[in-house]
Amino acid sequence: MSNPIFDKTDQMLAAIKSASITSLEELETFRIKYLGSKNIIKPLFAEMRNVANEDKKEFGQRMNALKVAAEEVFHTNKSTLSQAASKASYDQLDLTAPPASQNIGSRHPVSLVMNRIINIFEKIGFAVEEEREIEDDWHNFTAMNTPEDHPARDMQDTFYLKNSVTNLLRTHTSSVQARVMTSTKPPIRIIAPGRVYRNETISARSHCQFHQVEGLYVDKNVSFADMKQTLLYFAREMYGPDTKIRLRPSYFPFTEPSAEMDVYWGLESEADYRITKGTGWLEILGCGMVDPNVLKNCNIDPEEYTGFAFGMGIERQAMLQYKIEDIRLLFENDVRFLKQFNSAY
Ligand code: PHE
């Protein structure tokens with residue numbers, strides 16, 4: 001005997017199997033209708049109590065078949081539709097269309113200048129040494145012959161690490177001299193590029209962080225003339241083959257004698273006057289013969305070895321080269337500023 005409730009499940013099964021699904025929207029409607037939380041299969045379960053006991057088993061099986069059929073129809077259609085969608089987007093692919101433009105990064109002006117300096121010294125056999133920015137008092141000051149009451153150690157000049165009187169942010173790359181000389185036997189011929197820190201008020205001209213390149217050459221019979229010739233070579237590679245230099249006597253605790261090197265910039269425009277303070281000369285670096293005390297501090301015998309060292313700031317050279325008026329621009333990382341520097345390397 002046919003049960004009228006079985007007719008209902010038959011009809012629903014037929015509806016599920018013959019559902020016409022031609023789009024993802026229709027698929028979603030189908031899913032909500034038969035598989036969603038408020039689907040139309042569920043309410044049929046309520047009919048269970050009207051089903052004769054001997055038919056209850058079959059009714060249960062039929063209900064289950066509805067769910068299985070709905071899931072099958074859903075998954076078959078889903079995979080057909082997604083295959084069609086990807087084929088359609090492939091068919092629409094225009095292989096002749098120009099590629100989307102890419103944003104190529106550019107080197108920071110400080111890196112550009114630093115890389116040039118490194119290249120110039122690498123050509124004459126200087127190796128690059130990179131060292132820590134968090135230094136101890138000994139490498140930054142004591143080894144470099146800077147006595148304990150020297151004003152450079154003042155809290156106003158140096159950033160000390162919290163709860164430490166010995167750890168600090170290096171104030172110059174000269175700390176690398178001490179690192180290298182205590183760990184390597186001469187001959188030593190290195191340059192050390194890197195970031196340094198000083199507790200200074202930030203303005204258009206000075207910043208509390210900047211970059212230096214340090215140079216150190218220690219061997220037997222290294223003379224002041226060797227230093228002068230090396231620096232002249234550097235100046236001519238950097239500023240052009242006719243560049244003139246001059247060395248002015250100066251003072252650094254870690255070199256004796258000490259000098260500052262100027263390059264001739266010219267005095268033609270008003271800007272030249274301003275930049276060179278009316279002299280035509282531009283100060284580029286500090287240098288000198290490594291003080292015998294520094295060699296001793298680093299366990300190198302000053303009777304056997306001599307050396308020269310120099311150190312130069314990078315930001316000022318970058319500002320001159322690219323006509324940048326405010327040092328702060330170099331640290332703000334504004335993309336509009338940075339992308340003006342197209343760089344080959
Ligand atoms: N360390 C010095 C400075 O920061 C520069 C320097 C380096 C001078 C090496 C002499 C020798 O001003």
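**Note on salt bridges and a helix pair**

1. E58 forms a salt bridge (a side-chain nitrogen of Lys or Arg within 4 Å of a carboxyl oxygen of Asp or Glu) with R62, and the closest N and O atoms of the two are 3.1 Å apart. Both residues belong to helix α3 (residues 56–92), where they stand four residues apart, about one turn of the helix. Helices (H or I, at least four residues) and strands (E, at least two) are DSSP runs, numbered from the N terminus.

2. This is a predicted model, in which local features need pLDDT of at least 70 and side-chain atom pairs count only at pLDDT 80 or more, while totals for chains, interfaces and linings use all residues. Residues are numbered from 1 along each chain as its sequence is written, and side-chain values use heavy atoms, with hydrogens and water left out.

3. E58 is partly exposed because its relative accessibility is 34%, and R62 is likewise partly exposed, at 21%. Buried means under 20% relative accessible area, exposed over 50%, and partly exposed in between (1.4 Å probe, protein chains only).

4. The structure holds 16 salt bridges in total. Another of them joins the side chains of D136 and R179, at 3.4 Å from N to O. This pair links distant parts of the chain, 43 residues apart: D136 lies in strand β2 (residues 134–136) and R179 in helix α6 (residues 174–183). R179 counts as buried because its relative accessibility is 15%.

5. D334 and R336 also meet through their side chains in a salt bridge, with an N to O distance of 2.7 Å. D334 is partly exposed at 29% relative accessibility, whereas R336, at 63%, is exposed.

6. Helix α2 (residues 24–34) packs with α3 at an angle of about 165 degrees, and their axes are 10 Å apart. Helix α2 is therefore roughly antiparallel to α3, a term for angles over 145 degrees. Axes are lines fitted to C-alpha atoms, for helices over the stretch in contact, and angles run from 0 to 180 degrees between N-to-C directions.

7. The contact (heavy atoms within 4.5 Å) involves L24, L27, F30, R31 and Y34 of α2, together with A70, V73, F74, N77, K78 and L81 of α3. By class, eight of the residues in the contact of α2 with α3 are nonpolar, one is polar and two are charged. Ala, Val, Leu, Ile, Met, Phe, Trp, Tyr, Cys and Pro count as nonpolar, Asp, Glu, Lys and Arg as charged, and the others, Gly among them, as polar.

How values were computed. Angles under 35 degrees count as roughly parallel, over 145 as roughly antiparallel, 65 to 115 as roughly perpendicular and the rest as oblique.
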